[in-house]
Amino acid sequence: MKKSLLFLLASLFISYSAFSQEENEETTTGQQNFNELKLNGLFLILGAFEATYERTLNEESGIGVTAFLPIDNDVSDDIKYYISPYYRLYFGEKYAAGFYVEGFGMLNSTNRNIDLFDTDEDDFRTDFALGIGLGGKWMTKSGFIGELGFGVGRNLFNNSNTDYEFIGKGGITIGYRF
C-alpha cells in the first residue's frame, strides 16, 4: 500500500511539474490552454480520496489523469486503487466546458472476492480496463469548476479470476482552473 501510494504521488508530481514548466501558449483562436486540479467531493464523503489533473488542449478537448485511493476500511475491502488517464471532447459554449464525452483507461486493483467461503484474507488482482463516460462541467468566471460525471469500463485481463468484469467511475467534483 505504501509503495503504490508513493508511486501515485510521485507520478502526479512529475506530471504536474512537467506541465507547469510550459507557458500557456496561445492557440490559433487566441485562447489559452489551461490546467485544472479537482477533487471528488462524493468520494470524500464515502471514504475515499480521488484527485484529477486535466490539461485543456483546445476549446473543445482536454486530457487528464485521475487517481483514487480508499481512506475508509469498508472501501479498501473492495478496491485498493485506480489510476485513470482520459481524453474528453466538450460540446459547450465555454472554453472546454459543458457536456462532455470521454474515453478512458483504468489501471485498477480490486479484491478477488470469488471464493465461496467468506475469509478475512485480501486477494487483490490488478487489471486494466477501457471505457467510456459522459458528464457536464460548469465554470465560474473566476475559474472554479463543478463537474458531474460517470463512466463504465471493462477489465481486459483477469475477468475469470475476479468478480469485477466491469468497473465504474463517477462523482461530483469541484476544482479550479488556472
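Good morning. Six aromatic pairs are counted in this structure, where rings of Phe, Tyr and Trp (its six-membered ring) pair if their centres lie within 6.5 Å, and planes under 30 degrees apart count as stacked, over 60 as edge-to-face and the rest as tilted. One of them is a stacked pair of phenylalanine 68 and tyrosine 82, with 4.9 Å centre to centre and 5° between the planes. Phenylalanine 68 lies in strand E3 (residues 61-70) and tyrosine 82 in strand E4 (residues 79-90), 14 residues apart, so the pair links distant parts of the chain; strands are DSSP runs (E, at least two residues), numbered from the N terminus.

The model is predicted: local features need pLDDT of at least 70 and side-chain atom pairs 80 or more, while totals for chains, interfaces and linings use all residues. Residues are numbered from 1 along each chain as its sequence is written, and side-chain values use heavy atoms, without hydrogens and water.

Phenylalanine 68 and tyrosine 82 are both buried, that is, under 20% relative accessible area with a 1.4 Å probe, protein chains only. Together with Phe43, Phe68 and Tyr82 form one aromatic cluster.

I turn to charges over rings. The criterion is NZ of Lys or CZ of Arg within 6 Å of the ring centre and within 35 degrees of the ring normal. Arginine 88 places its charged end over the ring of tyrosine 100, 4.0 Å from the centre. For lysine 169, the ring is that of phenylalanine 104, at 4.4 Å.

Finally, the strands. Eight of them, E1-E2-E3-E4-E5-E6-E7-E8, run as a closed barrel with antiparallel pairing; pairing requires at least two DSSP bridges between two strands. Strands E5 (residues 98-111) and E6 (residues 124-139) pair in the antiparallel sense over 14 bridges, and valine 101 stands opposite leucine 134 in E6.

Notes: Helix = DSSP H or I, 4+ residues; strand = E, 2+ residues; numbered from the N terminus. Buried < 20%, exposed > 50% of the residue type's maximum accessible area, 1.4 Å probe, protein only.
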